[in-house]
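Please take a moment to look over the sequence and the model before reading on.

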Amino acid sequence: PYVIAAACVDIMDRSCMDECPVDCIYEGSRKLYINPLECIDCGACEPACPVEAISQDRAVPAGQEEFVADGLRFFEDV
Ligand code: SF4
């Protein structure tokens, strides 16, 4: 699945939410989250983000790997 990493924090532009065909992008308190169980890997959200916060989970920027696990945790409580 795709993952939203550090660049989204306190930005939350939400352009990606309009592009996602399965509406699997959700709002947290400081950033947006892609539900990894619902994401169909279409890639539509990635170019929509003005701060380039979105990438595939195996291609998150160096040092931001924690956002993959953070994204999983976010949906554990839902
Ligand atoms: Fe939604 Fe596609 Fe982005 Fe996954 S890759 S979050 S399905 S727009």
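**A walk through the chain**

Asn 35 sits in the loop between β3 and β4 (54-56), where helices (H or I, at least four residues) and strands (E, at least two) are DSSP runs, numbered from the N terminus. The model is a predicted one, in which local features need pLDDT of at least 70 and side-chain atom pairs count only at pLDDT 80 or more, while totals for chains, interfaces and linings use all residues. Residues are numbered from 1 along each chain as its sequence is written, and side-chain values use heavy atoms, with hydrogens and water left out.

With a relative accessible area of 8%, Asn 35 is buried; here buried means under 20% relative accessible area, exposed over 50%, and partly exposed in between, with a 1.4 Å probe and protein chains only. Residues up to four places away in sequence not being counted, Asn 35 touches Cys 24, Tyr 26 and Phe 75, a contact meaning heavy atoms within 4.5 Å.

Phe 75 leads on to helix α2 (residues 66-76), whose buried residues are Phe 67, Gly 71 and Phe 75. Seen down the axis of α2, these buried residues fall within an arc of 75 degrees, so they line one face of the helix; the arc is that of the directions from the helix axis to the C-beta atoms. The face of α2 turned away from that buried side carries the exposed residues Glu 66 and Glu 76. What do the buried residues of α2 pack against? Their partners are the strands β1 (2-4), β2 (25-27) and β3 (32-34).

In strand β1 the residue to look at is Val 3, which counts as buried because its relative accessibility is 9%. Val 3 touches Ile 34, Ala 53, Ile 54, Ser 55, Asp 57, Val 60, Phe 67 and Val 68, not counting residues up to four places away in sequence. One of these residues, Ser 55, is 52 residues apart from Val 3 in sequence, yet the two are 5.6 Å apart in space, C-alpha to C-alpha.

Leaving aside its neighbours within four places in sequence, Gly 28 is in contact with Met 12, Tyr 33 and Phe 74, and from Phe 74 it is separated by 46 residues in sequence and by 8.3 Å in space, C-alpha to C-alpha. Pro 61 belongs to the loop between β4 and α2 and is partly exposed, with a relative accessible area of 35%. Pro 61 touches Ala 5 and Ser 55, again not counting residues up to four places away in sequence, whereas Pro 61 and Phe 74, which are 13 residues apart in sequence, lie 20 Å apart in space, C-alpha to C-alpha.

Most residues other than glycine have a negative phi. Arg 14, however, has a positive phi of about 75 degrees although it is not a glycine; it lies in the loop between β1 and α1 (15-19) and, at 36% relative accessibility, counts as partly exposed. Glu 52, not a glycine either, has a positive phi of about 50 degrees; its place is in the loop between β3 and β4, and at 68% relative accessibility it counts as exposed.

The C-alpha trace spans about 25 × 25 × 25 Å along its principal axes. Of the 78 residues, 36% count as buried, and residues 24 or more positions apart account for 58% of the contacts with a separation of 6 or more.

Which residues come nearest to the ligand? Of the 14 residues around the ligand, these are Cys 20, Cys 39, Cys 42, Gly 43 and Cys 45, a residue being near a molecule if one of its heavy atoms lies within 4 Å of it. The shell around the ligand divides into 12 nonpolar residues, one polar and one charged, where Ala, Val, Leu, Ile, Met, Phe, Trp, Tyr, Cys and Pro count as nonpolar, Asp, Glu, Lys and Arg as charged, and the others, Gly among them, as polar.
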